[in-house]
Amino acid sequence: MIRTRFAPSPTGSMHIGNLRTAFYAYALAKHNNGEFILRIEDTDKKREIEGGANDIKDLLTIFDIKWDEYYIQSERLDLYKKAAEKLVEDGHAFYCQCEAKNAKEDGFSKDLRDPCRDKNLTSGAVKLKVPENEWITFKDFVLQKKVSWNTSTIGDATLFKTDGFPTYHLAVVVDDNDLKISHVLRGHDWMPSTPIHILVYKYLGFDVPEIGHLTDIMDPDGGKLSKRKGSTSVRGLLTEGYLPEALLNFVILLGWAPKDNREMFTLEEFVKYFDPNGFQKGNPVFNREKLDWFNGEYIRKLSDTELYEKFQFSNSNFQTMEENKKLQITKLVKDRIKKISDLDALAKFFWEEPKEIDMNLFGKNYKEHLTKAQEAIEKSIPLDTVSKNNDFKVGDFFMDLRIAITGTKFTPPINESIEILGKEKSIKRIRKILE
RNA sequence: GGCCCCAUCGUCUAGUGGUCUAGGACGGUUGGUUUUCAUCCAACAAAUCUUGGGUUCGAAUCCCAAUGGGGUCACCA
């Protein structure tokens with residue numbers, strides 16, 4: 001039985017990379033009729049944020065990811081404490097009373113061995129007694145190769161803190177064993193701590209599960225995807241107007257690809273298609289253009305009413321429109337937007353009169369065009385016949401009208417727009433230009 | 001700096017020793033449809049498969065090195 005887990009810590013809003021890990025872990029389990037477990041790793045009380053765990057559950061639900069079991073590490077403290085004590089008893093760990101060190105100014109520490117390791121203290125933080133010159137090897141199921149370390153290059157990691165909480169290193173190992181996790185899927189940034197975990201597994205007498213390290217998603221400017229370059233939080237992307245199905249489709253293809261290079265996947269299809277051989281080894285770049293394309297595709301897959309509801313939910317100006325006009329507007333913009341939030345830029349003229357129209361936008365015959373157009377609208381004569389009867393250049397005529405009504409050159413079809421806007425408002429806008 | 005990982009069009013990738021004068025998608029360019037924009041359709045450009053050595057009759061595919069990129073070195077995860 002394949003059992004995977006998603007083990008986020010509630011220390012901030014969920015990152016797009018974390019979400020991807022959840023999708024992969026979910027697919028790996030579900031493709032094999034296995035179980036997917038959600039475990040909240042709240043062992044750092046200083047960094048924990050209010051409502052963090054609920055936010056994670058909420059977000060997963062938005063993406064239709066369902067978990068079979070749910071655990072919170074802070075409710076399992078006993079387990080970790082016993083494990084830490086056992087390690088000390090067996091001589092594989094030791095108590096340490098050194099002052100906690102923070103990250104060094106130069107970014108790295110050269111002291112691998114802790115001065116307390118042979119003092120036989122009976123209280124304090126618990127640290128792993130890393131042996132000298134032993135080789136640790138495991139086969140990474142994402143990389144599909146063996147990776148080795150010599151223990152002489154690994155530091156005495158802290159396993160249990162003086163605040164009564166375990167560190168990540170102890171908690172993951174104890175929990176993954178206790179919850180019978182068969183496959184551990186995590187970010188590449190965890191690679192260096194894998195030998196520590198393997199040592200703990202060994203000293204605790206546990207079997208080591210399959211472990212795989214995913215690629216890191218990169219920022220277009222280089223380096224790991226960062227928060228300051230646009231929004232990388234899932235919540236942020238959602239409110240920016242990206243659809244969950246588009247986000248999912250885009251992100252699963254960053255670091256994984258099927259043999260036939262198929263591009264469109266629903267969650268269900270992804271689960272069915274999933275194959276761990278498709279995991280990528282090189283880090284992918286987060287590419288907005290492609291996300292935008294996916295989002296446009298998924299917006300067009302929505303029914304008019306579904307899209308209407310998205311607008312209704314996210315745009316307060318849209319909400320104030322007359323009920324029957326909302327659906328008409330939705331139809332007009334559907335082919336023209338990439339994000340739900342694009343509605344405002346494209347349809348603003350419906351709820352807001354354009355101000356300070358740049359007169360240079362108009363063609364040289366605009367007065368004649370607008371005069372005739374105004375008459376026609378008043379008498380409800382089709383605008384196409386106006387341009388025909390007066391021998392206007394069709395494009396020029398409609399462009400002048402478009403600018404007068406909307407204030408810009410790029411808009412939804414103008415006939416339908418005028419219909420939605422209404423006679424009165426349309427004429428008023430034309431008059432304003434003519435004055 | 002130590003340790004570890006990675007390397008095919010600008011980007012996401014297909015490719016697992018011959019079918020590769022390297023395929024698809026996004027983006028780009030051009031053209032068609034259209035009263036604008038967008039959608040839709042078509043075509044084109046774009047990768048000496050990072051470089052240098054091997055192995056082999058034959059290498060994008062295997063090996064080594066260099067270079068480049070990334071990660072990590074907290075009583076954070």
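Before I get to any packing angles: an axis here is a line fitted to C-alpha atoms, for helices over the stretch in contact, and angles run from 0 to 180 degrees between N-to-C directions. Helices (H or I, at least four residues) and strands (E, at least two) are DSSP runs, numbered from the N terminus.

Okay, housekeeping. This is a predicted model, where local features need pLDDT of at least 70, side-chain atom pairs count only at pLDDT 80 or more, and totals for chains, interfaces and linings use all residues. Residues are numbered from 1 along each chain as its sequence is written, and chains are lettered from A and ligands numbered from 1 in the order in which they are written.

So, the helix pair. α12 (residues 323-333) packs on α17 (residues 414-421) at about 160°, and the axes are 10 Å apart. On the α12 side, the contact uses Lys325, Gln328, Ile329 and Leu332; α17 brings Glu416, Ser417 and Ile420. Contact means C-beta atoms, placed from the backbone, within 7 Å.

Which residues of α3 are buried? Tyr80, Ala83, Ala84, Leu87 and Val88. They cover an arc of only 140° around the axis, so they sit on the same side of α3; the arc is taken from the directions from the helix axis to the C-beta atoms. Remember, an α-helix has 3.6 residues a turn, so residues three or four places apart point the same way. Buried means 20 or more other C-beta atoms within 10 Å of a residue's own, exposed means 12 or fewer, and partly exposed is in between, with C-beta atoms placed from the backbone.

What do those buried residues pack against? β4 (93-96), β5 (125-128), β8 (158-160), α4 (168-178) and α5 (194-204). Facing away from the buried side, you get exposed Asp78, Lys82 and Glu89. Just past α3, Gly91 has a positive phi of about 80°.

Last stop, Trp149 in strand β7 (residues 145-150). Trp149 is partly exposed, with 19 other C-beta atoms within 10 Å. Leaving out residues up to four places away in sequence, Trp149 touches Ile136, Ile154 and Pro195.

Technical notes:
Two residues are in contact if their C-beta atoms, placed from the backbone, lie within 7 Å.
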